[in-house]
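Here is a short note to read beside the model. Please keep the sequence and the 3D view open as you go through the points.

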Amino acid sequence: GYDFAAEGQPLKLHGEWTNGVLESPMIVEAMRLFGAPDAVDEFVMYKPAGLFDAAFDIDYAGGDAKPMYAITSRPRSLSVQIHDTPVYADIEGGTVTFRPGRIEIDDLVGRHAGGVFGIDGVATIDGAIDAQLSMKYDGRLISNQVLAFLPVEAREALTAIEFADGGASRLEDCTLHLTEIPVEGGALRWRSDFRGVVRTSDASFTTGVRFTEVNGAFAVDAKHDPGQPVKLTLAADVDRMKALGQSLHNATWTISLSDSGDEVTVPEF
């Protein structure tokens, strides 16, 4: 036990945690102790579980000073529940570091039932959460564990075009900017800005016409503000595909959504 309010009592503490479990009540109590009590309810809501190793440093100058801390975690497995979907992944490398008001993700690499992923980024959590992430992925896009992370508008769009993976799909040079937007009644919504390239292998989808055996790259620029239609621009560069029984090669086209979000424009094909 240690009383951070005890005047004139400085503290420096270093420690290591081996085979820690995310569901440990010590995690929640540490969040409260280190000044992040507002994040506890959201953390618990995702029902996190899994194994990790960690090293931590606490530096408290005493008096009215806030404790400074750095907790560097090396996750080994992770289970969370997102949009009522259980998501499980084995983590093969990388670290997650927690500092006052800040989370840093450094070269986090792992795999789940649908594929292999990598994440880097920084999130500020002092007040509204603001996260800048870069991501890569190689595997099935139509996987419950991938769809769980997508905004509802993106999931609905994939369903509407009846998208199906053939071979593994790949996400390249992807960036995601997420901003937490508090709304009336205490609920939380998110502003999102996604950019990246999706490469498909024998994929299929329907946009009036059924396209199959699609092998190519799709550059995506998608933005969404709570309560507003999604803004989407997509540029396709396809090596080969089939449509209406015909083989097509070296196909390029662009797609954009109208401001109202209910009309698709294809200026050229």
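1. A search of the whole structure finds 15 salt bridges. Bear in mind that this is a predicted model.

2. **The chain as a whole.** The chain has 269 residues, and 33% of them count as buried. It holds four helices and 14 strands. The C-alpha trace spans about 80 × 40 × 25 Å along its principal axes. Take the contacts with a separation of 6 or more: residues 24 or more positions apart account for 46% of them.

3. Glutamate 162 sits in the loop between α4 (152–160) and β9 (169–182), while arginine 210 is in strand β11; the two are 48 residues apart, so the pair links distant parts of the chain. Both partners count as partly exposed: glutamate 162 at 48% relative accessibility, arginine 210 at 33%.

4. Arginine 199 and glutamate 172 form a salt bridge through their side chains, at 2.9 Å from N to O. Arginine 199 belongs to strand β10 (residues 188–207) and glutamate 172 to strand β9, so this pair ties together parts 27 residues apart in sequence. Arginine 199 is partly exposed, with 38% relative accessibility. Look also for Asp138 and Arg170: salt bridges with shared partners join them with Glu172 and Arg199 into one network.

5. **Aromatic pairs.** The structure holds six of these. In one, the ring centres of tryptophan 17 and phenylalanine 52 are 5.2 Å apart and the planes stand at 75°, so the pair is edge-to-face. Tryptophan 17 is in strand β1 (residues 11–21) and phenylalanine 52 in strand β2 (residues 51–60); this pair links distant parts of the chain, 35 residues apart. How exposed are the two partners? Tryptophan 17 counts as partly exposed, at 25% relative accessibility. Phenylalanine 52 is buried, at 5% relative accessible area.

6. Phenylalanine 218 lies in strand β11 (residues 209–224) and tryptophan 253 in strand β13 (residues 246–257), so the pair ties together parts 35 residues apart in sequence. Both residues are buried. They also belong to one aromatic cluster, together with Phe205, Phe211 and Phe269.

7. **The hairpin around β11.** β11 pairs with strand β12 (residues 231–243) in the antiparallel sense, over eleven bridges. Phenylalanine 218 has alanine 236 as its bridge partner in β12. The two strands, β11 and β12, form a hairpin with six residues between them. In the turn, glycine 227 has a positive phi of about 80°.

8. Which residues have the most contacts inside the largest nonpolar core? They are Phe205, Val214, Phe218, Val238, Met241 and Trp253, in a core of 33 residues. Apart from this core lies another, of seven residues, including Ile27, Met31, Val40 and Phe52. Now follow phenylalanine 205. Leaving aside neighbours within four places in sequence, its contacts include Phe211, Val214, Phe218 and Trp253.

9. **Positive phi outside glycine.** Lysine 47 is not a glycine, yet its phi is positive, at about 50°. Lysine 47 is found in the loop between α2 (40–45) and β2. At 55% relative accessibility, lysine 47 counts as exposed. Asparagine 250 also has a positive phi, near 50°. Asparagine 250, however, lies in strand β13. Its relative accessibility is 64%, so asparagine 250 counts as exposed.

How values were computed. Residues are numbered from 1 along each chain as its sequence is written. This is a predicted model: local features need pLDDT of at least 70, side-chain atom pairs count only at pLDDT 80 or more; totals for chains, interfaces and linings use all residues. Side-chain values use heavy atoms; hydrogens and water are left out. Rings of Phe, Tyr and Trp (its six-membered ring) pair if their centres lie within 6.5 Å; planes under 30 degrees apart count as stacked, over 60 as edge-to-face and the rest as tilted. Buried means under 20% relative accessible area, exposed over 50%, partly exposed in between (1.4 Å probe, protein chains only). Two strands pair if DSSP finds at least two bridges between them. A nonpolar core is a set of buried Ala, Val, Leu, Ile, Met, Phe, Trp, Tyr and Cys residues joined through side-chain atoms within 4.5 Å. Contact means heavy atoms within 4.5 Å. A salt bridge is a side-chain nitrogen of Lys or Arg within 4 Å of a carboxyl oxygen of Asp or Glu.
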